[in-house]
There are 2 protein chains.
Amino acid sequence: MEEIFAVKGNIIFTKEFGKYEIMEDGYIVVHGKSIKGVYKELTEEYRNIRVEDYGDSLIIPGFVDLHLHAPQFANLGLGLDKELMPWLEAYTFPEESKYSDVHYARKVYFSLIRELWRFGTTRSCVFATIHKNTTKLLMDLFADSGLGAYVGKVNMNRNSPDYLTETTEASLNDTEEILEEYCGKYELVKPIVTPRFVPSCSFELLKGLGELAEKYNVPVQSHLCENYGEISFVKSLHPEYKNYAEIYNGAGLFGDVPTIMAHCILVDEDEIELMVKKDLYVAHSPNSNFNLSSGIAPIRRLVSRGVSVGLASDISGGHSLSMMNVITSSAQAANIKWIESNRVDQPLSTADLFYLATKGGGKFFGKVGSFEEDYEFDALVIDDRNIPAFRTFTVEERLQKFIYTGDDRNIKERYVSGKKISEPKVY
Amino acid sequence: MEEIFAVKGNIIFTKEFGKYEIMEDGYIVVHGKSIKGVYKELTEEYRNIRVEDYGDSLIIPGFVDLHLHAPQFANLGLGLDKELMPWLEAYTFPEESKYSDVHYARKVYFSLIRELWRFGTTRSCVFATIHKNTTKLLMDLFADSGLGAYVGKVNMNRNSPDYLTETTEASLNDTEEILEEYCGKYELVKPIVTPRFVPSCSFELLKGLGELAEKYNVPVQSHLCENYGEISFVKSLHPEYKNYAEIYNGAGLFGDVPTIMAHCILVDEDEIELMVKKDLYVAHSPNSNFNLSSGIAPIRRLVSRGVSVGLASDISGGHSLSMMNVITSSAQAANIKWIESNRVDQPLSTADLFYLATKGGGKFFGKVGSFEEDYEFDALVIDDRNIPAFRTFTVEERLQKFIYTGDDRNIKERYVSGKKISEPKVY
């Protein structure tokens, strides 16, 4: 029988975009992996349950990182002076080629997972590399850690360096092998179909991947409309399609199963319409978009149109795994977008962005990212006593201070799906 | 007699914009407060001097923060969802009014200085408030800490809340009292004439401040062209001037003595010409400019024209005192400016920005911000062993990793003007 317990503290989360739910000195009652409710006082039925009392700490949902490249962790903070295409060739592809080596992959991937833990990222959607064995290893390491993740073997069969190019057949076979083996293997770690992007996947490969996604009913992740150079290259490859999104759509990779597209900076009106119609998720990675001079995604506009948006580190285009940092950059990006749009696309508030960093991306994982009833209990305990304070702050102000001026040192505990997660240890 | 000593480590600094000087496993020889030279091996004459061996650590110049508001430290991370003018009224002015209270000021100012220490900011140019006594206190606290600073009593005699408005006479008298008392009081902490900005200073006040700056030969700091609303307000106040800069210039506050203008986002061609002619310094505060939806300053253009630029946190418009964070945001801002300028204003490299964060702003303090001969020895010792590394990095790559992915935990020692500075202790 699963335990019922409660955590106690200053609870803050968002059910809806832009609207905090706050319960000071309240209780979250958890049964097994799921939340029973948030209470000011424990009712009779919970009188004797175990209570983890976190005193004056904040309790917030765990952060969700909707797009990151695991192998690029080794390059974090390097080479942030190039655009997308030269950056891929100078930094990214050579690094990714190393992941045929299980020994090397284990070191980097373990270290990455420990960093995700450190920054309170309880769920993430991850690109591995083309390499089957180390993609499996990454899933195993995530499962060991207790953190939740979708992990994709990357598919690439064209316009890539020889050392990082698969045959169509091998690409599909290796992908299917992973789906066979891992779809049911873990509860919190699942495979996801991951064509890198149109430039590096022939239509035949894309179509094969669409079929696999349908056959195994697994989600899809890829990149869309990040950069002018990329888009014109895609146009030259597929002049028969009216836009970039339609290519994925034609291959069954655009919302026939739950689908995340990273970036979407330069999507046109037709693409936005298709995104709405097919319930797409957008992974918004402002640090990466700034660092690679890609531009600023129209997040306010996408949210207003009803597109689901989550936030993402996109390492190592992004230089930080901290979702607090990503929230900050997202606010800054939205402010500049407001100017760019002649003050039409309104800025995003901290509450807007906190929603996107928790429930916004969490929805992709099911009932994740909120403290509503039946949601999986993913939470962080925030001890902000080291943040200078010269008056009493509200819970909302304390959350702002933590996000904009705090760091991993403020995160005292992490819970994923009802379980307290300790620091991953090398095994 | 002043001691001669050396520090040993992996030395990296910039003499020129964009160009690293690197000496692996080298020595910096310091005599008293000044650098004698950087050497691969110690020569005969230095054979017996004390050597602080920092092993494999990096040794870099201390960071210079060319613009920040000390009282706003209490608001750090709060209210980053407003534009300049409403933000001043809702958050900033009410907080600044508290600095008539010496007890309160001491708490906040001490805490600020400890944070500057923590983040390796060895020199800063600081706005206090209109209050004479607590401005003096701030200078005393800086002097106690060992960090270098220019500190200005802020002048405001119009368009400000009653509780934060001085008479012209009191504003000038209080300013002069501080100049009299503090110009020669400390070696590393000096007063600076600090009209808040044109909207809050009558021309009479500005002119009086210009005369004081000339009489006492002290530098000037203020704000210029941050925001559209501000600029049109200034135009309505002074239709007789062709632009914002000319108002300061007409009052003797634009380069007749060394002068820093913060922001300069929306400066026009005439203003840039005047800045070049009068050797102005620009304090570039990208976090503040993002957070307050002000826009992006044309830093590449200003640098190309020969304007001196330094980087600045501008707390609490900026949310972080970390100059590593400011470098990162400056790189991001420059990338977006590159797009905005139709790819004319080239992005800024890490070496460009590292120069601006050290020698670029350091020049305002004299021979500060570099490890060249006769420069004051301001330095940070960077221990980056906690930053995950899966291959051997060059010194330049290690600096990038520290700036983009490290934090204050990597700063092991701080030196200012030849002295090792320990953590400020409450007295």
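Rings of Phe, Tyr and Trp (the six-membered ring of the latter) are taken to pair if their centres lie within 6.5 Å, with planes under 30 degrees apart counted as stacked, over 60 as edge-to-face and the rest as tilted. By this criterion, 37 aromatic pairs are found over all chains of the whole structure. The structure is a predicted model, in which local features need pLDDT of at least 70 and side-chain atom pairs count only at pLDDT 80 or more, whereas totals for chains, interfaces and linings use all residues. Side-chain values use heavy atoms, with hydrogens and water left out; residues are numbered from 1 along each chain as its sequence is written, and chains are lettered from A in the order in which they are written.

The rings of Tyr150(A) and Phe365(A) have centres 5.2 Å apart and planes at 35°, so this pair is classed as tilted. Tyr150(A) lies in strand E7 (residues 148-152) of chain A, and Phe365(A) in the loop between helix H12 (350-362) and strand E15 (379-382) of chain A, so that the pair links parts of the chain 215 residues apart; helices (H or I, at least four residues) and strands (E, at least two) are DSSP runs, numbered from the N terminus. Tyr150(A), at 15% relative accessibility, is buried, as is Phe365(A) at 12% (buried, under 20% relative accessible area; exposed, over 50%; partly exposed, in between; 1.4 Å probe, protein chains only). In chain B, Phe371(B) and Phe377(B) form a tilted pair, with 6.0 Å between centres and 35° between planes, and both residues are buried. Ring pairs also join Phe5(A), Phe13(A), Phe371(A), Phe377(A) and Tyr415(A) into a cluster.

Between the two chains, 46 residues of chain A are in contact with 46 residues of chain B (heavy atoms within 4.5 Å). The buried area is about 3800 Å², of which carbon and sulfur atoms give 58%; this quantity is the accessible area (1.4 Å probe) lost by two parts on being put together, summed over both. Gln332(A), Phe390(A) and Arg409(A) supply 18% of the area that chain A buries against chain B, more than any other three residues.

The interface holds 2 salt bridges (a side-chain nitrogen of Lys or Arg within 4 Å of a carboxyl oxygen of Asp or Glu). Asp408(A) forms a salt bridge with Arg409(B), with the closest N and O atoms 2.6 Å apart. Elements giving two or more residues to the side of chain A that touches chain B are helices H2 (102-118), H9 (286-291), H11 (323-340) and H13 (395-405) of chain A. H11(A) provides the largest share, 8 residues.
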